[in-house]
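Please look over the sequence and the 3D structure shown here.

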Amino acid sequence: MTAAGIGVMSAGVLWKNQDSIKATRPVDFADKKAIFEEYGLVAAEEADIGAAKVTAYRFKDVTGAHAAELWLAGTGTPVTSQGNYLFTCSTPCSTFNRILS
């Protein structure tokens, strides 16, 4: 499955083995499809963790993830990264460092 094919993607296994996850759902990024395609998005999924909504993005490589991180940070979106994965949060991302470790 590639970003070029559809506007709604589910990562499925991005949240595997996370006990604090209440619910997950696919991400509709159709309005940003071109930019995510440029950065090499492979999958994305949103999860409810406590009172926060966290979106996980998996990219083909670290370079694409870093470029997307810079772009998202420029929009004012709280974002953190780990390798070729990005996480955007409805609260400051530092609260989710324990989940990512």
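**A walk through the predicted model**

Eight of the nine residues of strand S3 (residues 41-49) are buried, so the rest of the structure largely encloses this strand. Buried means under 20% relative accessible area, exposed means over 50%, and partly exposed is in between, with a 1.4 Å probe and protein chains only. Strands (E, at least two residues) and helices (H or I, at least four) are DSSP runs, numbered from the N terminus.

The model is predicted, so local features need pLDDT of at least 70 and side-chain atom pairs count only at pLDDT 80 or more, while totals for chains, interfaces and linings use all residues. Residues are numbered from 1 along each chain as its sequence is written, and side-chain values use heavy atoms, with hydrogens and water left out.

The chain has three helices and six strands, and along the sequence they follow the pattern β-β-α-β-β-α-β-β-α. Of its 101 residues, 41% count as buried.

Which strands pair with S3? Strand S2 (residues 21-28) runs antiparallel to S3 and is joined to it by five bridges. Two strands pair if DSSP finds at least two bridges between them. Thr 24 has Ala 47 in S3 as its bridge partner. Strand S4 (residues 52-59) also pairs with S3 in the antiparallel sense, over eight bridges. Here Ala 44 stands opposite Tyr 57 in S4. S3 and S4 form a hairpin with two residues between them, and Gly 50 in the turn has a positive phi of about 60°.

Arg 58 is also found in strand S4. At 25% relative accessibility, Arg 58 counts as partly exposed. Its C-alpha atom is separated by 5.2 Å from that of Ala 43, which is 15 residues apart from Arg 58 along the chain.

A further hairpin is made by S5 and S6. Strand S5 (residues 79-82) and strand S6 (residues 85-89) pair in the antiparallel sense over four bridges. Ser 81 stands opposite Leu 86 in S6. The hairpin has two residues between the strands, and Gly 83 takes a positive phi near 65°.

What does the side chain of Asp 48 contact? Another, of 3.3 Å, joins the side chains of Asp 48 and Lys 53. A polar contact is a pair of N or O atoms within 3.5 Å; within protein, one must be able to donate a hydrogen and the other to accept it, and residues adjacent in sequence count only if both atoms are side-chain atoms.

Arg 25 lies in strand S2 and is partly exposed, with a relative accessible area of 25%. Arg 25 and Glu 46 are 21 residues apart in sequence and 5.4 Å apart in space, C-alpha to C-alpha.

The structure also holds five aromatic pairs. Phe 36 lies in helix H1 (residues 33-39) and Trp 71 in helix H2 (residues 62-74), so the pair ties together parts that are 35 residues apart in sequence. Rings of Phe, Tyr and Trp (its six-membered ring) pair if their centres lie within 6.5 Å; planes under 30 degrees apart count as stacked, over 60 as edge-to-face and the rest as tilted. Phe 36 is buried, with a relative accessible area of 2%, whereas Trp 71 is partly exposed, at 25%. Ring pairs link Phe 29, Phe 36, Tyr 57, Phe 59 and Trp 71 into a cluster.

The last stop is the largest pocket, which has a volume of about 180 Å³. Its lining includes Phe 29, Phe 36, Tyr 57 and Trp 71. S2 and H2 are the elements that give two or more residues to this lining. By class, the lining has six nonpolar, three polar and three charged residues. Ala, Val, Leu, Ile, Met, Phe, Trp, Tyr, Cys and Pro count as nonpolar, Asp, Glu, Lys and Arg as charged, and the others, Gly among them, as polar. On a 1 Å grid over the protein atoms alone, a pocket is an open set of points where a 1.4 Å probe fits, with protein on both sides within 12 Å along at least five of seven lines; lining residues have an atom within 4 Å of a point. Grid points are joined across faces, edges and corners, and the volume is the space filled by probe spheres set on the points.
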